[in-house]
Amino acid sequence: MKNSSNKKIGQPIPLMIAGIVFFMIGFGIGISSFLTPALRSAFNLSNSQSYLVLTAIFSAFVIFSHPAGWIIKKIGYRKSMMLAFLIMALGMWLFVPSSHVESFPLFLVALFIGGIGNTILQGSINPYVIILGPEDTAAVRISMMGIMNKMAWWVAPVFLGLFIDLSNVQLDDVVLPFYIVAGILALVGIFIYFAPLPELKAAGEDDDEAAVSESSYAAGKTSILQFPHLLLGVAALFATCGIEGLPLITIIDFARSTFGEVDNLESYPKFVTLGMVAGYLFGVIAIPRLISQSKALYLFSGLGILSSMILIFLEPKFAFYGLILTSFSISLMWPIIWPLALKDLGRFTKSGTSLLVMTLVGAAIVPLIFGSIVDAVKTTEQAVAADYQVAYWVLVPSFLFILYYAVSGHKIRTR
């Protein structure tokens, strides 16, 4: 690795700029979670059209992951980040005409374009943060980025509250915020272009003899499919993306079915976010001082299995706390699997990144499976807590596979 002589966490200025990028990713997610429902309700969507919304968002990760890798390889990480923000700004801006003319197809186009920008951004910023410092602290850097990302989730509603009534978002309210956010994204893209971000490369990405010697394992390979630890990492990251959002999107329904209509029910997702941040902080403090990246993944996947058992088998009023523990368990999986999967890829690093970005589609697939299980097992019109507990079994095979990857999957190499 070109900057392996740096024994610290990483280069401070580029790391701070990367933190801004991750903050903006979280900010965009937070903004969209409030504004896009207003657009969706305005279109009076059927169930099938609601699935088209999910398809528009996540199909970009599958369709554009390979082109994104090609773009990153051609123009580098920094320019790819700039391009990603400009594309995301375009997608955000297109929400405005879609709201004016109430065009559902244009709404889908805006979502898809935003997804393309996010695909390029995820494919450029994650490996960049990994190679920004020593290999054994890569999870620390991504954990720091995760804290920035989750902070933005809290900032987004405060920002929106300056312009609109968040308790009753109307279609006419979204125009100004979308314009403002589109402008902010465009400005961040321009800032990235002029920012002091060195164009880094992973060990062996260059074709010269010295670079190849840094990654001798990749030197003799001719295809990205010859890296079993990467392919298993793709499966592990797909499982992670699939279950990572479950605590956040199900905690209100599970709490309502357990405790009834209690006060401030809408504030419960903050406990999930706090669990994630606590996990990130553990990673920042403990890796690699007290525990290695792979052993931390082993520990947290084992904790995930334990939290799943609590969630499934205990009485709902106690199982509820298992859901928060689950969010803590999931927190370090994305930060750790990325560097383990990209290790020793050499000149195939950017191609490997494309495969890893594609796994974000798991965030659409696994929650749909969860919801289908709840619908299949419920015996009343409204699902009860026990129905959700049955559906939470989807967590177990995911954690088991991630545990396998932590124990041995990430070590597999072929001759």
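Lys378 is partly exposed, with a relative accessible area of 28%, where partly exposed covers the range between buried (under 20% relative accessible area) and exposed (over 50%), computed with a 1.4 Å probe on protein chains only. The side chain of Lys378 meets that of Asp375 in a salt bridge, at 3.7 Å from N to O; the term stands for a side-chain nitrogen of Lys or Arg within 4 Å of a carboxyl oxygen of Asp or Glu.

This is a predicted model, in which local features need pLDDT of at least 70 and side-chain atom pairs count only at pLDDT 80 or more, while totals for chains, interfaces and linings use all residues. Residues are numbered from 1 along each chain as its sequence is written, and side-chain values use heavy atoms, with hydrogens and water left out.

By the salt-bridge rule the count comes to four, and the table includes three of these pairs.

| Salt bridge | Closest N and O atoms |
|---|---|
| Lys343 and Glu135 | 2.8 Å |
| Arg413 and Asp344 | 3.2 Å |

Lys343 and Glu135 form a salt bridge that links distant parts of the chain, 208 residues apart, with Lys343 in the loop between helix H14 (333–342) and helix H15 (349–358) and Glu135 in the loop between helix H4 (104–130) and helix H5 (138–161). Helices here are DSSP runs of H or I with at least four residues, numbered from the N terminus. Lys343 is partly exposed at 32% relative accessible area, and Glu135 is likewise partly exposed, at 38%.

Arg413 and Asp344 are also joined by a salt bridge. Because Arg413 lies in the segment after helix H18 (395–407) and Asp344 in the loop between H14 and H15, this pair ties together parts that are 69 residues apart in sequence. Arg413 counts as partly exposed at 29% relative accessibility, as does Asp344 at 26%.

Conventions:
Helices (H or I, at least four residues) and strands (E, at least two) are DSSP runs, numbered from the N terminus.
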